[in-house]
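Hello,

Here is the structure you will be working with. Please look through it first; my notes follow below.

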Amino acid sequence: HACWMNQTDSQTVSLMISSEEALLTDSNDRAKKRSPLPLIGEILSLLTVGLLGYTILLALKLRGIVSWGFWWISIPLYTVLFILLILTQSKTLTLQIPLIARLAWLISLVSIIVFVSLLHLELTGDYIPPASVLFIPLWFMVASLFILAIFGLLKAICGNAKTSRKNFMSFLVLGGIILVLVPFLLLLQLRIDNAIRVSWTIVFTPLWIVDGLVLITSLILLLFTIGARESAIFTIFQLVTLVCIVPASVAFEILLVLYLNGSKLDLLIVTAPIVLMELLLVTCGVSVRIGKHRSVRHKV
């Protein structure tokens with residue numbers, strides 16, 4: 001009787017372990033099948049909302065309208081960044097997004113947190129780092145994103161024909177933008193350190209080149225999307241939003257250059273275009289999730 005009981009208990013434990021393994025496998029299969037686009041849309045919206053709140057409060061602080069400390073006005077940004085750090089570990093992203101992409105995203109978030117913290121230390125006067133130290137987090141972020149772009153291009157070249165075209169174009173645009181941003185960061189760092197004596201117009205020229213590349217790419221994708229909506233990479237609304245972001249970006253850069261050159265412009269006017277950009281990015285992130293739900297309902 002004791003032997004029979006031991007055998008029964010052993011079989012029960014084996015069945016329980018098998019059931020738990022089956023449930024875990026089923027859960028992982030569902031996570032793999034679940035598209036990461038809705039979560040990516042939420043991440044984009046959250047990040048932009050944090051940047052929007054921080055931009056508005058920072059402009060009001062520099063304008064003298066609010067007397068809060070720089071650390072207080074950065075609470076919305078820090079809160080969103082830490083939430084995004086937690087979302088990065090979600091099962092959907094862990095199973096569907098490559099490790100190098102998640103590492104690049106993680107490095108980017110940490111770099112933003114460190115950069116904002118160093119900037120606040122300088123603004124409060126507690127610690128005034130040289131530009132070579134202040135820009136270290138940004139260089140880490142650019143390097144990680146560039147490695148991600150190279151990895152994505154190589155994977156797209158070696159991947160299947162169905163997804164290679166979409167991935168190749170996405171990572172090619174990312175790599176091109178990063179290559180143009182490198183001269184901007186270098187010129188900006190040298191200009192802040194007074195190592196070079198060039199006008200702010202020259203410093204911001206690479207950004208205008210990026211704006212031109214983004215506008216041309218968006219218009220080309222928009223034309224293809226109108227002609228082939230079923231196989232399009234982005235929705236028409238997302239591309240129109242991106243096209244509208246470019247003029248706002250150019251307007252902000254021009255106003256900022258004029259302000260840095262000594263023009264007496266109100267900071268609220270200077271930051272108005274970037275607030276508009278961030279509002280457009282919020283709608284773009286929301287449209288990613290809505291568009292995915294619509295495509296799922298269409299398939300059903």
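Confidence in the protein chain is lowest in helix H1 (residues 2-33), where the mean pLDDT is 46, and highest in helix H10 (residues 200-203), where it is 90. Keep in mind that this is a predicted model. The average pLDDT of the protein chain is 74, and 71% of the residues score at least 70.

Two stretches should be read with these scores in mind. Over residues 15-34 the pLDDT stays under 50, and the model has 12 contacts for them beyond four places in sequence. Over residues 289-300 the pLDDT is also below 50, with 6 contacts in the model beyond near neighbours in sequence.

As for the fold, the protein chain has 13 helices and 0 strands. Of the contacts with a separation of 6 or more, 67% are between residues 24 or more positions apart. Of the 300 residues in the protein chain, 35% are buried. The accessible surface of the protein chain is about 17600 Å², and carbon and sulfur atoms account for 73% of it.

Is His 120 buried or exposed? His 120 has a relative accessibility of 0%, so it counts as buried; the cut-off for that is under 20%. Leaving out residues up to four places away in sequence, His 120 touches Tyr 54, Phe 70, Trp 71, Ser 74 and Tyr 78. With Tyr 54, the His 120 side chain also makes a side-chain polar contact of 2.8 Å.

Regards

Key: Residues numbered from 1 in each chain as written. Predicted model: local features only at pLDDT ≥ 70, side-chain atom pairs only at ≥ 80, totals over all residues. Heavy atoms only, no water. Helix = DSSP H or I, 4+ residues; strand = E, 2+ residues; numbered from the N terminus. Buried < 20%, exposed > 50% of the residue type's maximum accessible area, 1.4 Å probe, protein only. Contact = heavy atoms within 4.5 Å. Areas by Shrake-Rupley, 256 points an atom, 1.4 Å probe, with all protein chains shown as cover. pLDDT = per-residue confidence, 0-100. Polar contact = N/O pair within 3.5 Å; in protein donor to acceptor, adjacent residues only side chain to side chain.
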